[in-house]
Amino acid sequence: MPLHDRIPREIFETILHLCVGFKTPVYDLENLQLVCRSWRDIVAEASFLWSTITTLEGPGVFHKALRMVKGSLLDIIFIELVHGDVQAKDFFSLTGEKIDQWRSLEIQASEDMEEALAFIQTQNLPPKLEILHVQYGWDTPETADAVLFRGTPAIGLKHVELTRAPINVRPLRLSGLKSLILRQVPSITAADIATILANSPTLKTICLAQLKDAVLPTKPATGKPNYSFHSPIQLPFLIELKLDGLPFPFFGFLLWNLVVPQLRILEVIAKQPIAQLLATDKSHLNTTLTSVTSGAREYAIRLYGGYEIIIGGLCIILTLPSLRGSMDDFRGTFDQLSEHLGGLALEDLPLRLRFEYCEPGFSDLEWFTHRTNVNGLTLFNEPSRTQHMMDVIPLLGRPTSGPPPIWLLPQLEVFRIDLVSTEIRGLIVDMLKARHAVLPDSFPGERRASPKHLKEVWLFHFSEYPMSSPLEEFLAEFAQAVKGADVYWAGRGSGRGGRKPIRYADLVSGIHYK
């Protein structure tokens with residue numbers, strides 16, 4: 001008995017629907033119809049399978065989809081093509097005949113954006129429209145003048161995503177949303193956004209990025225929307241919140257005034273010091289940070305000119321032009337997080353630490369030694385900064401002068417390093433030999449004094465320049481220096497993940513660099 005006769009028709013149609021791609025839905029459906037006569041008839045009768053109307057397949061193809069879809073709900077996708085022959089005016093003239101069936105509308109265009117929006121501006125709100133996604137080119141327009149749907153409230157919209165869209169959001173009077181994504185939208189104000197959030201208590205996802213006009217007002221607004229900016233905004237179902245590059249006071253307003261008991265993901269990206277954003281005694285900020293970090297068994301810090309902290313579902317990113325500036329703010333942020341997180345002891349939680357295109361000084365390594373529990377360290381750089389790497393590596397290969405003498409990062413068990421030059425190979429071997437030669441009780445009485453023996457060592461070469469000498473001899477000496485640890489050669493270009501790393505023990509016949 002064929003598959004389509006062994007399972008309920010609804011389930012089989014759902015399986016077919018999952019086989020249809022985003023870019024070529026009609027082409028995929030026509031291929032499915034070639035399987036047999038029964039499949040051809042099933043696909044033709046299941047009108048909802050033809051519901052995606054996209055410019056990506058050309059005018060002749062989406063004409064067929066419009067004929068086959070009958071009364072099913074439609075997903076309208078206009079993507080401007082460089083060499084395409086689908087004009088916005090023609091596309092929306094045809095799909096507009098079924099506007100009452102529109103379920104979602106997506107527009108990605110630059111030159112054709114004005115013409116595409118011109119049609120939407122003259123139409124009433126499609127009664128079944130739930131999803132609106134508009135993305136304009138690569139440059140943010142100066143103003144947002146387009147008023148959609150004749151200025152009527154967009155009642156029924158559940159998911160809104162606007163990227164550089166020249167749309168006046170205020171007349172839409174958005175409310176009852178489940179997801180809101182606004183990126184580089186011109187002219188939208190902090191009051192506009194706060195009003196949308198306050199009127200959408202069912203929101204589950206929020207992403208606000210690069211909204212330069214979202215400035216907190218210096219005096220109460222006189223017209224609508226008139227959000228007071230004094231009352232907390234209750235979002236009991238919010239799961240994901242991403243804030244990127246907002247005006248600093250609005251950053252603080254959102255962090256201090258959103259009450260989000262179910263939040264699981266919080267991402268904050270800023271170009272100004274973050275520590276002061278966290279310097280608040282608002283109790284629900286403590287609750288928020290505790291919620292998104294609950295269950296974390298380890299955390300990660302990346303320093304690269306700016307810094308990145310990831311603890312469970314919390315991600316904090318600061319971009320500053322220098323390591324020194326980012327380290328100063330990082331320490332303040334770390335202190336604030338330690339206070340806000342309550343029961344989560346960052347000093348005991350295993351830390352994966354990464355220095356990328358920058359080098360820590362002795363004071364930095366000493367700070368991490370006393371304030372954190374680094375069990376994984378990655379050093380990643382470029383050939384022009386070899387001398388800096390040569391200064392850092394020996395610091396890990398000897399105890400401090402004290403008193404009392406301690407080893408830096410004694411809890412280190414996983415070490416990853418970029419072989420940026422031949423000069424540092426010997427320093428790496430000497431450092432690892434020294435750490436492995438220390439007996440566990442060499443420094444009694446100090447919990448972090450004696451270094452652990454490494455469990456894993458990962459080597460890679462991310463530079464575009466070839467290595468100046470073969471690896472075989474070095475790797476053999478290296479493996480001997482860290483006897484008992486697993487040594488991996490991750491290959492070229494694997495600093496941030498590349499091809500699958502290979503255990504040195506599996507390469508006894510020799511390694512050949514490519």
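Analyst: Buried means under 20% relative accessible area, exposed means over 50%, and partly exposed lies in between (1.4 Å probe, protein chains only). This is a predicted model, in which local features need pLDDT of at least 70, side-chain atom pairs count only at pLDDT 80 or more, and totals for chains, interfaces and linings use all residues. Residues are numbered from 1 along each chain as its sequence is written, and side-chain values use heavy atoms, with hydrogens and water left out.

User: Is C207 buried or exposed?
Analyst: C207 is buried, at 12% relative accessibility. C36, at 29%, is partly exposed.

User: How many disulfides are there in the whole structure?
Analyst: The search finds 0 disulfides, where a disulfide is a pair of cysteine sulfur atoms within 2.5 Å.

User: On to salt bridges. What is the count?
Analyst: The count is 16 salt bridges. The rule asks for a side-chain nitrogen of Lys or Arg within 4 Å of a carboxyl oxygen of Asp or Glu.

User: Which residue does E356 meet in a salt bridge?
Analyst: E356 pairs with R302, at 3.3 Å from N to O. R302 lies in strand β12 (residues 299–303) and E356 in strand β15 (residues 350–356), so the pair ties together parts that are 54 residues apart in sequence. Strands (E, at least two residues) and helices (H or I, at least four) are DSSP runs, numbered from the N terminus. E356 is buried, with 4% relative accessibility.

User: What else is linked to those two?
Analyst: R302 also forms a salt bridge with E308, the closest N and O atoms being 3.6 Å apart. E308 is buried, with a relative accessible area of 16%. R302, E308, R354 and E356 are linked in a network of salt bridges.

User: And which residue forms a salt bridge with D213?
Analyst: That partner is K212, with the closest N and O atoms 3.6 Å apart. K212 is exposed, at 57% relative accessible area, while D213 is partly exposed, at 28%.

User: Changing topic: how many residues of helix α8 are buried?
Analyst: In α8 (residues 190–198), 8 of the 9 residues are buried, and the helix is mostly covered. The buried residues are A190, A191, D192, I193, A194, T195, I196 and L197.

User: What do the buried residues of α8 pack against?
Analyst: They pack against strands β6 (179–183), β7 (205–209), β8 (233–234) and β10 (258–259), and against helix α9 (248–257). Contact here means heavy atoms within 4.5 Å.
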